[in-house]
Amino acid sequence: MSEQVKNVVLVGQGGVGKTMLAEAMLHLSGRTTRLGGHAGTKPTLDYDEQEGARGFSISTTIAPIKWNGWRLNILDAPCYPDFVGDAYAAMSACETALFVIDASAGPQTTTTRLWYAAEDLSLARAVFVNRFDRTEQDFDTVLAQLRDRFGNRLGAVTIPMGINDDFSGVIDVVHMKARHLENGKVVEQDVPAEYLDEAQMARETLVDLVAEADEDIMMKYLEGEEVTQEELEGCLGKAIRDRIFVPVFSGACVKEEGVISLLNAIVAWFPTMADFGPVPLVNGESLDIDPEDTRPVAFVFKSLNDQQKGRLSFIKVLAGTIKPGTELTNARTRKSERLGHLNLMTGNEAEEVQSVAAGDICVVPKLEALTGDTLSATGKIEAAAFRFPNSLYRIAIEPDSRGSEGKVFDFLQKSAEADPTLKVARDEETAQTVISAIGEAQVSVLLDRLEDRTGVTAHTVALRIPYRETIRRIATGHGRHKKQTGGSGQFADCRLRIEPNPDAGYEFVDEVVGGAIPRGFIPAIDKGVQETMKGGVLAGYPVIDVKVAVYDGQFHPVDSNEMAFKTAARLGFQDAVSQAQAVLLEPMAHLKITVPESYAGAVMGDISASRGRVEGMGAANPGETTVEATVPYAEVTDYATRLRSLTRGTGEFELEVSGYEQVPHDIQDKLVKEYQEKRAAGEK
């Protein structure tokens with residue numbers, strides 16, 4: 001196992017400076033010669049043209065940094081809401097989640113969401129509060145906000161010297177030193193007198209928080225003895241690794257202030273993979289990390305279709321060592337795969353290496369493995385998959401030109417294979433290709449890449465709603481089919497009775513007596529009714545929950561046949577439905593919406609305006625409210641976009657389509673009219 005590698009993922013609300021923090025780390029470590037993405041310089045990590053055009057990260061990139069004899073794999077994860085799935089994947093490959101917070105905004109909803117995801121994955125957590133050079137909010141206020149949201153286990157490790165225009169560097173309260181940069185070099189000095197009281201209070205709080213990581217030191221501290229510097233640092237590392245303490249750092253990434261203190265802390269106190277013990281497997285067992293076991297196990301935490309390099313698999317080595325030419329078996333497919341080139345990636349720049357040991361991360365081209373796959377010598381080891389956010393934004397995709405449907409569908413399928421937050425399906429009922437994604441921007445990027453990589457253009461269209469038809473009362477109908485063409489003709493006559501069959505589906509009953517219709521023609525009547533139900537009667541939607549009885553009819557010994565009775569059954573069923581108070585039913589969506597308390601009123605008002613009903617409210621995380629409601633699905637097909645607008649991107653929801661309810665009369669009249677106009681125009 002590599003004992004000199006640590007993996008840290010940068011997460012938090014979109015737009016708070018995560019990528020800039022990684023760029024500062026690259027620059028200060030000497031990996032790059034300039035601070036990327038600032039003052040007109042090209043970013044190293046946000047290299048995708050779509051990222052440049054949109055102004056936010058779309059895909060996880062890696063910054064491998066050498067610092068004080070260690071390699072730090074810094075994963076810059078996109079946290080714009082539509083691409084947050086990549087953050088979940090990146091967290092599964094790391095030991096520590098470093099949350100970047102804007103000093104002015106404090107912790108926001110996406111940060112909270114990812115905080116609890118990191119907790120579920122048992123990651124160590126840390127916080128870097130950025131942009132103290134641009135805020136009027138002091139450190140104590142930000143720390144109070146963090147503790148209010150995430151608990152009292154957070155404590156300052158570095159604090160800013162001043163804010164806004166007065167910001168001049170940071171104070172390391174562990175070592176009681178002030179640091180700032182001059183011409184790219186760190187200058188360390190004693191804590192200035194004006195910050196000494198604040199620094200000493202922060203240090204006392206820090207000792208109080210981390211001392212409990214060691215029982216002997218805790219007793220010593222409670223008895224009033226002084227905790228030594230060596231004991232403090234030992235407790236600090238153990239408290240972070242044991243997840244009983246969350247260190248809070250401060251700085252300004254654009255000025256690169258506070259970043260060196262952070263890098264030193266990562267090396268000194270953040271955990272390695274060896275600190276976490278066994279890896280959980282899907283069967284409930286675990287994989288022991290044995291340094292003596294040379295049999296490699298690798299976990300694919302991300303797949304990427306690169307325009308130049310093809311399929312790239314981002315791999316965390318869980319055990320043993322992999323080398324070029326290593327053959328491993330995929331636990332999902334049971335197929336053997338050969339690892340060709342092994343690359344360390346810095347953004348889009350590849351550096352080929354000859355071996356990667358357990359605990360390290362690399363990128364392997366041209367594997368068939370997908371996100372979440374486990375590769376091992378036996379193929380019998382399968383690491384537990386992580387949970388992706390729900391893909392609740394659904395939209396239909398249509399090509400701009402006929403004949404390109406196949407190309408569009410193939411591209412969408414390949415994209416969905418690489419990104420588990422994308423799903424593509426063909427809805428045969430509505431004849432639409434439907435994409436499920438996290439949000440609108442994700443689909444927009446997908447369509448731009450479709451054009452860039454295939455030359456085919458496509459656009460989105462609204463989902464067609466799968467309405468249903470049913471009846472509300474008993475009625476009878478008569479169907480008679482008679483056709484004479486010279487020679488043998490066609491003749492069939494049947495009388496049907498229909499009645500509501502609530503929640504019981506379709507039922508067919510033969511009540512014919514006395515041979516009015518020969519038994520051999522009864523199945524044709526049943527089939528004719530079912531075919532008519534499938535195409536609908538009222539507005540072209542399938543008919544459900546109807547009991548149909550054939551009770552009388554006539555036949556001709558020569559001219560009657562199955563086709564004639566199918567036709568008569570269709571006519572008889574249509575006649576009966578016209579007298580049975582036919583109604584349209586619409587699918588209902590059950591929503592569970594979590595929003596900051598200040599937006600709960602707006603959300604409930606929107607539900608009422610959408611013909612929905614609120615069915616419950618409750619407290620969620622601190623400062624958040626959960627609203628449960630039932631709303632017609634037709635009103636919430638765009639709810640991912642609407643909720644984001646209502647809550648400024650801070651709301652989340654779960655949606656399940658279940659059950660049908662009657663459509664209001666005005667909407668039914670509109671749908672029936674549209675159907676009749678299409679039929680008159682010869683459209684289906």
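Which residues point one way from β22, and which the other way? I started my notebook with this strand. The model I looked at is predicted.

**Entry 1: strand β22**

I found that I361, V363 and P365 point one way from β22. C362 and V364 point the other way. I noted the general rule too: in a regular strand, side chains alternate between the two faces of the sheet.

Then I checked burial. Buried means under 20% relative accessible area. Five of the five residues of β22, residues 361-365, are buried, so the strand is largely enclosed by the rest of the structure.

Next I looked for a partner. β22 is joined to β15 by five bridges. The two strands run antiparallel.

**Entry 2: K309**

I moved on to K309. I located K309 in the loop between β14 (297-306) and β15 (310-319).

Is K309 buried, partly exposed or exposed? The cut-offs are under 20% for buried and over 50% for exposed. K309 has 29% relative accessibility, so K309 counts as partly exposed.

I also listed what K309 touches. Leaving out residues up to four places away in sequence, K309 touches M345 and N348. I then took the distance to K366. K309 and K366 are 57 residues apart along the chain, yet 8.4 Å separates their C-alpha atoms.

**Entry 3: cavities**

I turned to the empty space inside. Rolling a probe the size of a water molecule over the atoms shows where such space is left.

How many cavities of 30 Å³ or more does the structure hold? I counted three. The largest cavity has a volume of about 60 Å³.

I wrote down residues from its lining, among them V170, H180, L181, V186, E256 and I260. β9 (177-182) and α9 (259-269) each supply at least two residues of this lining. By class, I recorded five nonpolar, three polar and three charged residues in the lining of the largest cavity.

**Entry 4: the whole chain**

I noted 16 helices and 36 strands. The C-alpha trace spans about 110 × 60 × 50 Å along its principal axes.

The chain has 684 residues, and 54% of them count as buried.

Among contacts with a separation of 6 or more, 72% come from residues 24 or more positions apart.

Conventions. Residues are numbered from 1 along each chain as its sequence is written. This is a predicted model: local features need pLDDT of at least 70, side-chain atom pairs count only at pLDDT 80 or more; totals for chains, interfaces and linings use all residues. Side-chain values use heavy atoms; hydrogens and water are left out. On a 1 Å grid over the protein atoms alone, a cavity is a set of points where a 1.4 Å probe fits but cannot get out, and a pocket is an open set with protein on both sides within 12 Å along at least five of seven lines; lining residues have an atom within 4 Å of a point. Grid points are joined across faces, edges and corners, and a volume is the space filled by probe spheres set on the points. Helices (H or I, at least four residues) and strands (E, at least two) are DSSP runs, numbered from the N terminus. Ala, Val, Leu, Ile, Met, Phe, Trp, Tyr, Cys and Pro count as nonpolar, Asp, Glu, Lys and Arg as charged, and the others, Gly among them, as polar. Buried means under 20% relative accessible area, exposed over 50%, partly exposed in between (1.4 Å probe, protein chains only). Contact means heavy atoms within 4.5 Å. Two strands pair if DSSP finds at least two bridges between them.
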